[in-house]
Amino acid sequence: MMRRVFGITGWKNSGKTTLTEKLVAELVRRGWKVSTVKHAHHDFDIDKPGADSFRHRQAGATEVAIVSDRRWALMHELRGEDEPTLDAILSRLGTPDIVLVEGYKREAHSKIETRRLEAKDRAPLSANDPHIVAIAANFAIADESLPVFDLDDTKSIADFIERATGLTR
């Protein structure tokens, strides 16, 4: 099955998470089943110290599944293994209409680059990444060969992603 994958990339504090959140809501509103993959740094945790599942991991379990009648989650401790590739993670997902990938600057899927005046770094990523197919910024950008969107224009960005990924009914 060919997965529709589209990325949101940019420097720290460039608006990636906010744009991803708004795009998920907009695409779901349009009737699409959306999954997301977020690349985090180093020692992130989604589990609270003291919780049973946290205690299972602390005891040495490599994988811990938490399951209820509302949701389930699978945590995998790498315990010295290499970080899995994006493809390996995508292969573990269900069958959404589209996967939005936040982060993963160096991967080879189509991406939109977020730019904010307040970002940690403002060097354009698009100059060195042929997979960046558009820019979303909160300031005017001149001399750009790619389509440029206002960072808050979620509807137009969602339209662009639908066209770019062939997401049609």
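Guide: Let us begin with burial: buried means under 20% relative accessible area, exposed over 50%, and partly exposed in between, with a 1.4 Å probe and protein chains only. A134 counts as buried because its relative accessibility is 0%. Please note that this is a predicted model, in which local features need pLDDT of at least 70 and side-chain atom pairs count only at pLDDT 80 or more, while totals for chains, interfaces and linings use all residues. Residues are numbered from 1 along each chain as its sequence is written, and side-chain values use heavy atoms, with hydrogens and water left out.

Visitor: In which strand is A134 found, and which residues does A134 touch?

Guide: Helices (H or I, at least four residues) and strands (E, at least two) are DSSP runs, numbered from the N terminus. A134 belongs to strand β7, residues 132-137. Contact means heavy atoms within 4.5 Å. Leaving aside residues up to four places away in sequence, A134 touches K111, I112, E113, L146, P147, F149 and F160. F149 is 15 residues from A134 along the chain, and their C-alpha atoms are separated by 7.7 Å.

Visitor: Are D129 and K111 buried or exposed?

Guide: D129 counts as buried because its relative accessible area is 11%, and K111 is buried with a value of 0%. Another salt bridge pairs E144 with R115, the closest N and O atoms being 3.5 Å apart. That pair, too, links distant parts of the chain, 29 residues apart, with E144 in the loop between β7 and β8 (148-150) and R115 in strand β6. E144 is partly exposed, at 25%, whereas R115 is buried, at 9%. Salt bridges also link E26, R29, R30, K155, D159 and E162 in a network.

Visitor: How does one find cavities and pockets?

Guide: Rolling a probe the size of a water molecule over the atoms shows where empty space is left. On a 1 Å grid over the protein atoms alone, a cavity is a set of points where a 1.4 Å probe fits but cannot get out; a pocket is an open set with protein on both sides within 12 Å along at least five of seven lines; lining residues have an atom within 4 Å of a point. Grid points are joined across faces, edges and corners, and a volume is the space filled by probe spheres set on the points. The search finds one cavity of 30 Å³ or more. The largest cavity holds about 50 Å³ of space, and its lining includes W11, R115 and F139.

Visitor: What is the volume of the largest pocket, and which residues lie nearest its centre?

Guide: Its volume is about 1400 Å³. Of the 31 lining residues, F44, L74, M75, H76 and I89 lie nearest the centre. Strand β4 gives the largest share of this lining, five residues.

Note on methods: A salt bridge is a side-chain nitrogen of Lys or Arg within 4 Å of a carboxyl oxygen of Asp or Glu.
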